[in-house]
Amino acid sequence: MNKFKKVCYQLNIFGQCKEYGVSVWQCPQFLFVLMGLIIIISILVTNAVAKEFADDYIVALIVLGLTAILFVIGNIIVNSFERMARSAKEKSEFIGIMSHRLRSPLSAIKWQLDLLLGKRALLDAEKNQTAIGEINWQNEKMIRIVNDLLEFNRIEDNTMVFTPSNFSLKELVEEIAALGKNDAEKNNISISLSVPESLPDVFADKIKTKGVLYHLLDNAIRYSVNGGKATVALERIDSKIKCSVSDEGAGIPKSEERKIFTKFFRDHNITRYKTEGSGVGLFIAKAIIMRSGGKIGFSSIEGRGSTFWFTLPAASNQL
């Protein structure tokens, strides 16, 4: 039944044109049909004309040659339009998603500021601190979103600049965990750290690595089930420091695993878990880690959770 629906969907040219948000003359599926008709007509005309001037063997060669040329040209044209249409659709969706993601932290900051300005005298020190902590976390979210836009553009233009230095990944993990505490508590998620006391510094871009950690922990919190736990662990493996971020949430379906680090990918659990993923966080994370001389990957069991990990080179003077 699913195959039948898929065939019907592929045959619904106007429906697909509407989905891409382009006119019929710019729609890849319509252009594919149109090129097919042009090829058929060209073959018939060529066959009829060639028969007047050549024998059947030459006619067959001419028709085959013309068919191959037209097919290649048609395929190039259709694929080009399809890439353009898909890219336009993805970017349009991306702008809508990012606008929504910016509006959410701005609304949260406004609500907390209104609370502090209107009822500060009535709030005790703990509630004041909670409100300030929430403002700080939401501010970090906005900075991260804007940085994502900039980083994504730099990756696409191949102009990403790195400023590597020695820094403590342990301290960075603790900082990100503290920032994520409010979001975790609101979702009834606990954050657990498994960090050795003695661990060499890493050599990488600290600001960009902070962004990678933020994305992985944020994903772990958002995809965890109520009452679950997000765990961040560090360990030394030869000349690398490995960081793993685990959750007890939805897991990743096998059918979607190959798409995880592609741009604009948002897994089907987004609706189920009411998350606000932008679809570029893991794409950016992979680009940063690979350029830093490390590796990134994940393991997952659907329905039980996922573990995302990355490695960075340890500082050479501490090996």
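Helices, H or I runs of at least four residues, and strands, E runs of at least two, are taken from DSSP and numbered from the N terminus. With that convention, helix α10 is followed by G293, whose phi is positive, near 85 degrees.

Before going on, the basis. This is a predicted model, in which local features need pLDDT of at least 70, side-chain atom pairs count only at pLDDT 80 or more, and totals for chains, interfaces and linings use all residues. Residues are numbered from 1 along each chain as its sequence is written, and side-chain values use heavy atoms, with hydrogens and water left out.

The overall picture next. The protein chain has 10 helices and 7 strands. Of its 319 residues, 41% count as buried, where buried is under 20% relative accessible area, exposed is over 50%, and partly exposed lies in between, using a 1.4 Å probe and protein chains only. Contact here is heavy atoms within 4.5 Å. Among contacts in the chain with a separation of 6 or more, 72% are between residues 24 or more positions apart.

Back to α10, residues 281–291. This helix is mostly covered, with 8 of its 11 residues buried. Those residues are G281, L282, F283, I284, A285, A287, I288 and I289. They pack against α5, α8, β6 (296–301) and β7 (305–313).

Now α8, and its partner α6. Two packed helices are described by the angle between their axes and the distance between the axes. Axes are lines fitted to C-alpha atoms, for helices over the stretch in contact, and angles run from 0 to 180 degrees between N-to-C directions. The axes of α6 (residues 169–179) and α8 come within 10 Å and cross at roughly 45 degrees. That angle makes α6 oblique to α8; the classes are roughly parallel under 35 degrees, roughly antiparallel over 145, roughly perpendicular from 65 to 115, and oblique for the rest.

Which residues of α6 and α8 meet? From α6 there are L169, L172, V173, E175, I176, A177 and L179, and from α8 there are K206, T209, K210, L213, Y214 and L217. The residues of this contact divide into 9 nonpolar, 1 polar and 3 charged. For that count, Ala, Val, Leu, Ile, Met, Phe, Trp, Tyr, Cys and Pro are nonpolar, Asp, Glu, Lys and Arg are charged, and the others, Gly among them, are polar.

T209, in helix α8, is buried, with a relative accessible area of 1%. Leaving aside neighbours within four places in sequence, T209 is in contact with F167, L169, L172, A204 and L312.

Last, the charged pairs. A salt bridge is a side-chain nitrogen of Lys or Arg within 4 Å of a carboxyl oxygen of Asp or Glu, and the structure holds 8 of them. In α8 (residues 206–223), D218 and R222 are 4 residues apart, about one helical turn. Their side chains meet in a salt bridge at 3.1 Å, N to O, and both residues are buried. Salt bridges that share partners join E151, R154, D205 and K208 into one network. Within it, E151 pairs with R154, the closest N and O atoms being 4.0 Å apart. Both lie in helix α5 (residues 125–157), 3 residues apart. E151 is buried at 6%, whereas R154 is partly exposed at 33%. D205 pairs with K208 at 3.9 Å between the closest N and O atoms; D205 is buried at 6% and K208 is buried at 10%.
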